[in-house]
Amino acid sequence: ELASQDMHIAGHVVDAERPLVVAVNKWDAVDGREDAAREWEERVRDRLRFAKQVPMVLISAKSGQRVRVVLERVREVWASAGIWVSTPDVNRWVERLGGASDGRGVHVFYGTQKGVHPPRFLFFCNDPKAIHFSVRRYFENSLRETFGFGASPLRLEFRSRRTEKGTG
């Protein structure tokens, strides 16, 4: 079971927008491991609701079982955090989302990727203050699926197309 301290550390990692891999140790001591794997994963994912995408590896440090898999997952998550998407590809993606209109008057016009580790995106829209968290989540999930970001944290920024006085 995940301890409070585990949750606290995972929360700090997520808040710092860093990739996270969860290794569940002492897997060799669990009776009926194969049957229990799905149940364990569901319980851990439930406790880590704030990081549902996180890869999880069931290991035994004592026997060495699957320990190398942890490092493979870390490499995969790090690599996915380094993916760069060209501006034309980002804008084709925005276009495929139907111009990213949310039905309430908010419309995303275009966007660009600003950086990696974590991947950072800037989107220009008509009313950034009206971007609902569900729209943000939809963008994150679609970016992950379309461009292969996997469990990498994503940072999205929404700005008005019009430059506000004094903001350059």
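Reader: Going by its relative accessibility, does Ser-60 count as buried or exposed?
Author: The model is a predicted one, and in it Ser-60 belongs to the loop that runs between β2 and α3. A residue needs a relative accessible area under 20% to be called buried. Because the relative accessibility of Ser-60 is 0%, this residue counts as buried.

Reader: Which residues does Ser-60 touch, leaving aside those up to four places away in sequence?
Author: The residue sits in the loop between β2 and α3, and its relative accessibility is 0%. With residues up to four places away in sequence not counted, Ser-60 touches Asn-25, Lys-26, Trp-27, Asp-28, Gln-65 and Val-67.

Reader: What is the relative accessible area of Arg-66, which has a positive phi although it is not a glycine?
Author: Arg-66 is also found in the loop between β2 (56-58) and α3 (67-81), and its phi is positive, about 65°. Most residues other than glycine have a negative phi. Arg-66 is partly exposed, its relative accessible area being 40%.

Reader: Where does Glu-17 lie, and what is its relative accessible area?
Author: Glu-17 is not a glycine, yet it takes a positive phi of about 55°. Its place is the loop between α1 and β1 (22-24). Glu-17 is partly exposed, with a relative accessible area of 22%.

Reader: What pattern of helices and strands does the protein chain follow when it is read along the sequence?
Author: The secondary structure of the protein chain amounts to 5 helices and 5 strands. Among its contacts between residues at least 6 apart in sequence, 61% join residues at least 24 apart. Read along the sequence, the elements follow the pattern α-β-α-β-α-α-β-β-α-β.

Reader: In which sense do β3 and β4 pair, and over how many bridges?
Author: β3 and β4 form a hairpin with 4 residues between the strands, and in β4 the bridge partner of Tyr-110 is Phe-124. The sense of the pairing is antiparallel, and the number of bridges is 6.

Reader: Is the peptide bond from His-117 to Pro-118 cis or trans?
Author: Pro-118 is found in the loop between β3 and β4, and in this hairpin His-117 takes a positive phi near 55°. Most peptide bonds are trans. The bond from His-117 to Pro-118 has an omega near 5° and is cis.

Reader: In which sense do β4 and β5 pair?
Author: Two positions show how these strands are set against each other: Arg-120 stands opposite Arg-155 in β5, and the bridge partner of Leu-122 in β5 is Glu-157. Over 6 bridges, the sense in which β4 and β5 pair is parallel.

Reader: Which residues make up the covered face of β5?
Author: In a regular strand the side chains alternate between the two faces of the sheet. In β5, Arg-155, Glu-157 and Arg-159 make up the uncovered face, whereas β4, its partner in a parallel pairing, is mostly covered, with 5 of its 6 residues buried. The covered face of β5 consists of Leu-156, Phe-158 and Ser-160.

Reader: What handedness does the β-α-β unit of β4, α5 and β5 have?
Author: The two strands of the unit pair in the parallel sense, and the helix of the unit is α5, residues 133-147. The β-α-β unit that β4, α5 and β5 make is right-handed.

Reader: How far does α5 reach from its first C-alpha to its last?
Author: α5 is followed by Gly-148, whose phi is positive, near 80°. The helix has 15 residues, and at 1.5 Å a residue its expected span is 21 Å. The reach of α5 from first to last C-alpha is close to that value, at 21 Å.

Reader: Which element gives the most to the lining of the largest pocket?
Author: The largest pocket has a volume of about 520 Å³, and its lining holds 20 residues, with Val-14, Phe-50, Ala-51, Glu-140 and Arg-144 nearest its centre. Two helices, α1 (4-15) and α5, each supply at least two residues of the lining. With 4 residues, the element that gives the most is α5.

Terms used. Residues numbered from 1 in each chain as written. Predicted model: local features only at pLDDT ≥ 70, side-chain atom pairs only at ≥ 80, totals over all residues. Heavy atoms only, no water. Expected span 1.5 Å × (residues − 1). Buried < 20%, exposed > 50% of the residue type's maximum accessible area, 1.4 Å probe, protein only. Pairing = 2+ DSSP bridges. Right-handed = clockwise from strand over helix to strand, strands pointing away. 1 Å grid on protein atoms, 1.4 Å probe; cavity = no way out; pocket = protein on both sides within 12 Å on 5 of 7 lines; lining within 4 Å. Points joined across faces, edges and corners; volume = space filled by probe spheres on them. Contact = heavy atoms within 4.5 Å.
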